[in-house]
Structures are given as C-alpha cells and as structure tokens.
Protein chains: 2
Amino acid sequence: MPDPLAHTRELFDLDDDVVYLDGNSLGAPPRAVAERVQDVVRHQWGRRLIRSWAEGWWEAPERVGNRIGRLIGAGPGQVIVADSTSVNLFKALMAAVRNTDRAEIVVDEGTFPTDGYIARSVAELTGLALRPAPPEDLDLRDTTAVVLLNHVDYRTGRLLDMAEVTEQVHAVGAKVVWDLCHSAGVLPIELDALNVDLAVGCTYKFLNGGPGSPAFLYVPKHAQSTFEQPLTGWTGHEVPFAMAAEYTPDPGVSRARVGTPDIISMLALDAALDVWDGVDLADVRAKGLALTAHFRGLVEDLPGIEVITPADDRRGHQVSLRHPEAGRIMDQLVERQILGDHRPPDVLRFGFAPLYNTFEDAERAAAVLKELL
Amino acid sequence: MPDPLAHTRELFDLDDDVVYLDGNSLGAPPRAVAERVQDVVRHQWGRRLIRSWAEGWWEAPERVGNRIGRLIGAGPGQVIVADSTSVNLFKALMAAVRNTDRAEIVVDEGTFPTDGYIARSVAELTGLALRPAPPEDLDLRDTTAVVLLNHVDYRTGRLLDMAEVTEQVHAVGAKVVWDLCHSAGVLPIELDALNVDLAVGCTYKFLNGGPGSPAFLYVPKHAQSTFEQPLTGWTGHEVPFAMAAEYTPDPGVSRARVGTPDIISMLALDAALDVWDGVDLADVRAKGLALTAHFRGLVEDLPGIEVITPADDRRGHQVSLRHPEAGRIMDQLVERQILGDHRPPDVLRFGFAPLYNTFEDAERAAAVLKELL
C-alpha cells in the first residue's frame, strides 16, 4: 500500500543522521519557516514597519486560528492563536465557571502539571473545590461545574474517547475543557460535531510551530457571547483602536485575545502549518498507529522494559517505556543520535510524527535501545 | 558637540527614503535580528532540536530579563521576559493586592486602555474598588492598596516623576506598579534605587524587540517571596521538570513565569538588545529631548496645530499634536513616507528614537507637515 505521507518528510529540515522521536515535545522545523521568518523580519517589519499591522498582522491570531481549526474540527471564527497553553487554560476555566452555582472543578488525576496548577488556582480564586479523578471513573455529579481533561496523557500516551467523555460530562450538565496539546495533529478531532465546550492546545508539538510558539484556544460560536474571563487586554476589545475607557469585549472569538500578538512567532507557526495542506488526518492517524505499533513490537520484550502506552488504539503517537534507569538510558540514546525524552522518575518517551518519521526511524531507535540494554 | 549616538543608526535596517517616527509604537529592526533568528530556526531548532532547551533556551526569560534590567535600573535576578504587557499587569496587580486589607486600586485616569481594563478586572475579582485619578492629584489614602501608573502617557507623552510619585505612594503605605511601555529605552530609570514595588513594560517600542515581542516584569528581590499570582503555569514551578502534582513557586523571579517561553521571539529580542551595548541612557535622553524640542519648534506654530506634549522635560520621546483632521493628515504623511501615527479622535503622534532618528528626520517631517497644512 503506498504511503500517502511519503512526500511530507521532505518538507522538514531534519538531518538524516538523527532519529528524531521527540515531536511530542518539540516538533521538527518545516523548511518553509526559516524563509518566512526572514520575510517577516526583513520585509514586513523592516520595509513596511508600522504599516504591517494593517497589512495582515492584526488579524493573524484569527487567521492562523482558522487554519488550526481545520485540524481539530472547528469551523471558522472559533479558534484564536494567542498566549501560552497555561494562560489559555486560565481563560477557559475562568470563563467556564463564571456565574456557576456548582461547586467543583474536576481534572484528570494524571494531568500535565500546568493544567492541574491552573485548575487549582481557578478553584481558589472562585471558591470552587478542585477534585482530581481518574478519567475512567470521573464520578461526575450535578455539582460538577467543569471537567478539564488531557485528550492524550503526556506521560503514558493514553488517548481518551472524546465523544464518550464529552457526553458523560454533558449528561450531568457540566462543561468540558479539552487540552489537545498531545493530540492536535495526531488524529481527526471533531470539536464542533461533538459539541465540545472549550478546548486549548499548544502548537509546538505535533503542529511543529517552533519552540514555545503561541497556543490556541477554541471557543465555539454558541459560547462566545458568554465567554468572559479576567484577562481583559486591549486587543480583545470590540474596537481596540478606539482606546475607550471601558472594556467592551469583541462579540466573537477575538474576545479571547489579550495583549498585542507576538507576530514573529505567530507567522513562523503560520508557515509551519503549510505542511498540513492537503493532508488527511485519517492518513496521519493510520500511519501513526502503524509506526508506534511497529516500534512497540520491536522493544516490548527488551530486558527491564515495561511498555506503559496502551496497546489498543486508545493511544496517541508516542510509545512510553518504563525502566528504572530511564535517565541514563536516554542520555546514551541521545549521544547516539536517537532523540526521545525522559520524564521522571522512570519513563522514556518516543514520539512518532507521521509527517516526518519513518519505519526505519523506529527500527534504528529500537536497535540502539536493544544494544544499550 | 559630537553626537555619542552617531554610530547607532547604522545598527538598524531602515530605508533612507523613510522618515520613521513611530518607534513609540513599533521600534525599527536592528540589523542583528534577521541573522540571529535564522540561527535560532536553522541551527538551534533545526540541528539541535529538543537539546536546545538545555543549551540556553530554558533560561532565556531570566537572561534576557537581566539585559533589560540594566536599562531600567534593576539588578540581576529581578526581571523576566514573558507573556504580554497585559498578562504581566494582571500578575503584578493580583500579586500587589493579595492578602491586602485595603479597599482600592488607583489608576491614572488617562491610562493606556489595557492597564485600566486589567485593573478593573483585578478589582472585580478581588472585591476592591477601582478609582481612576489624575496623576497630579492622586488623592492617596490609607485605604489605597496599589497605584498603577503609566510612566509616560501614550497619548500626550507626559512623563511622571517616578521618584516623587513613588514616594507619595509609599507615604500612605501603598504599593506602586509602574508601566514602562513608553519609557524603557527613553531615559535612565532607577527601579532598585527608588524602591519601586513592581513594574511591567513592553519590548517592541523603544527597545525594538519586534512586533508583539514578549513583555517584561520586574519583581524586586525583597518582594519575590510574597509575589503570588493566579497564573501558576508549570514553568514558574521551583522544579518544573519534576512534574509534581502540587505547585511550589520558584523562590526567585522565575515564579513570575507561566507557560513555555516563546523562543523565536525571545531570541529576536535578545539580538535587538545588542544595540544598547555600551550606550549610556543619559546620552539617549539628552538626544531625545533635543530631537523632540527641535521638532516641536518647527511645528508648534503651524495652522490648526496644538502641541499637547509638555514643553518642559516632563515628557518622553514623542511629540503629540492635536488637529481636527488628524486622521486624514496622518494618511497623507504616510503616503509621503513620513511614518507617525494617529490616535483617535484628533491626535498625531511622532516618536523619536535617539538610536536611529536624526535632526534631519525632524526637519523632513516638519517640512512635509507644513506643506500639507
């Protein structure tokens, strides 16, 4: 069967002697980025100067947001690119609990730290309780205001069933906020179709936006008029350049903007997104499952290794292995140009990005790992 | 008298046929930026990939913060570069009023909108009152918790006396948060010496960091252990990579970090700051006052023009003119390659950046303005 993604590796600037399996932490650079950034600095900033704000910069958060929307099942006008994931989590949770008469925020107990920290902070600010719970048994109640969930667990790679869990949450009248950091660019996501309340995600993992590139926030049309959060920066104003004394939020998704958008990074991300043009996420998903299954098969019987990523399709595009000497092993892998990462205390993570990783990458990585053990 | 800044214009990538007088909104690009950004994208990201986080990226917010610290009178370990000005204002104000038993937040009544919006939001969240007041008569009380002030007014260019006002605020036992957006890179600032409580500022105006480049936040040593704010993102944690379930803030200024730092923009700013190496801010100030005085003298008697920038030294490096047809006039100036900006309803702003603007710029701009009137 021909690989419909055989051509995409060439779109990335990656050395052949490196096996890069850390796209779940920092995606590889698409070739288009370097040139685009030069144009932004030398031409747009250097030649057009302040005029560029009226020549595409100002609307970049919404325009680039719409491009991400296509990858997560969100129609136009519902996604903005802005700030960091942590800041967007704060906006989303504060908006979700505003005016609620319910008593608790639920977060998955194995959550990426920032989600838990921000949820705790929102709980303290608003007087709600925070209850960490296992995703397979959330124990939702009619007192649950909002549930914050990582679509793919950063440590194990476990994937939650977004349709099923969203329905569970809605069944008790609560809202769900999905963190898509480890699933955007991994598999087809249908935020609109599943009636998801809010979602956030980063763009520097499988979306390859660059180190610390700005994050995104999804606020569906029906939730926009009631989306109110405390980071009322001037660019979220209905008429920012009126410089009015009172804050009136934009009627649409732009109300989720805060400060002046960071243009160099935003347009680097914009260029990076070109690799998705014409790509079907179903193909990405099929290849990602095949790559990770192949790698798993090669390593699961190695001495001292325990695979903690689910074996069935309920997983993202990473394979996580547990080994008591994970830290030392990853250092040695990196010395041998096999780049994955280590999460304390004992987890080795290998991320497979179907746009640039190959079956040969899986084989080379597994061979070196075997040698080291 | 020789101009000690005669050599710095060459450090900028500016066309000779443009008179760029909008550095108070978006600074001009230092030449070093384009090349540095190429290195960040092609080498640091492309070749070193994830390894770059351990090769200088992670500490960039503090390292670049220290470079800005030198320009605002802040010793090392007290400034971080992160997020936008609006987000940093939120952190600063929330931290300033935490655990206070006082009743009000005071903001200068002509404040840049985002400061007022965020102050309002913080007041609503915390139950304090917000009182806008004229800076020359703040009417401070023993119920005042914090005062947020723009060092230089974005509209008129009026400069406040930081020493005098800080002392007034401290005299009633309140805290002061200074917004340095229009004064950083304009004149010598002495945050440490004046015992300022907190300060924020952007880096894309007179610091030339690029469109929407990340902002900075000053938290002096003595205030760090009590600096607590709700954006408890994982990178502000004492041991971020421990991925602990509970948030424990870093003991130092890093606790003011939130999400993953935006590296491309951060290192573009880092490169941009090179133009300040060896520059004495007293020279910058002297030349800025001379440039603006020269321009003022050339335009103040033009028909229909009212200068609203103070005539004495209590001003930043902009000259603001009022004219009923300000919008149309600025459009015509821009067509003739004189780039300033227009703030509604009737203000024309001309910013002078002593590192790249010349007396000839002032003369060319004044001549075209005269012709148009």
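The count comes to 57 salt bridges over all chains, where a salt bridge is a side-chain nitrogen of Lys or Arg within 4 Å of a carboxyl oxygen of Asp or Glu. This is a predicted model, in which local features need pLDDT of at least 70 and side-chain atom pairs count only at pLDDT 80 or more, while totals for chains, interfaces and linings use all residues. Residues are numbered from 1 along each chain as its sequence is written, chains are lettered from A and ligands numbered from 1 in the order in which they are written, and side-chain values use heavy atoms, with hydrogens and water left out.

Start with a bridge between chains. Asp15(B) and Arg47(A) form a salt bridge at 2.7 Å, N to O. The pair runs from the segment before strand S1 (19–20) of chain B to the loop between helix H1 (32–45) and helix H2 (60–71) of chain A. Helices (H or I, at least four residues) and strands (E, at least two) are DSSP runs, numbered from the N terminus. Asp15(B) is partly exposed at 26% relative accessibility, and Arg47(A) is partly exposed at 22%. The scale sets buried at under 20% relative accessible area and exposed at over 50%, with partly exposed in between (1.4 Å probe, protein chains only).

Two bridges lie within chain B. Arg328(B) meets Glu325(B), with the closest N and O atoms 2.8 Å apart. Arg328(B) is partly exposed at 35%, as is Glu325(B) at 39%. Arg343(B) bridges to Asp341(B), with the closest N and O atoms 3.8 Å apart. Here Arg343(B) is buried at 11%, and Asp341(B) is buried at 7%. Chain A holds a network of salt bridges that links Arg36(A), Arg63(A), Arg67(A), Asp270(A), Asp274(A) and Asp277(A).

Now the two copies. Chain A can be laid on chain B with an RMSD of 0.0 Å, by a turn of 180 degrees and a shift of 0.0 Å along the axis. The two copies are thus related as by a two-fold rotation axis. In chain A, the C-alpha nearest the axis belongs to Ser265(A), 2.9 Å from it. Superposition is by least squares on the C-alpha atoms of residues with pLDDT of at least 70 in both copies. The copies meet through the same surface, because 100% of the interface residues of chain A are also interface residues in chain B.

Turn to helix H2(A). Its 12 residues reach 17 Å from first C-alpha to last, close to the 16 Å expected at 1.5 Å a residue; the expected span is 1.5 Å times one less than the number of residues. Its buried residues include Ala60(A), Val64(A), Ile68(A) and Leu71(A). Among the elements covering the buried residues of H2(A) are strand S2 (79–81) and helix H8 (281–299) of chain A. Just after H2(A), Gly73(A) takes a positive phi of about 70 degrees.

S2 also belongs to an open sheet of seven strands in chain A, ordered S2-S8-S7-S6-S5-S3-S4, with mixed pairing. Two strands pair if DSSP finds at least two bridges between them. The edge strands are S2 and strand S4 (129–133) of chain A, each pairing on one side only. Strand S3 (residues 104–108) and strand S5 (residues 144–150) of chain A pair in the parallel sense over four bridges. Val107(A) stands opposite Leu148(A) in S5(A).

Definitions and conventions
Contact = heavy atoms within 4.5 Å.
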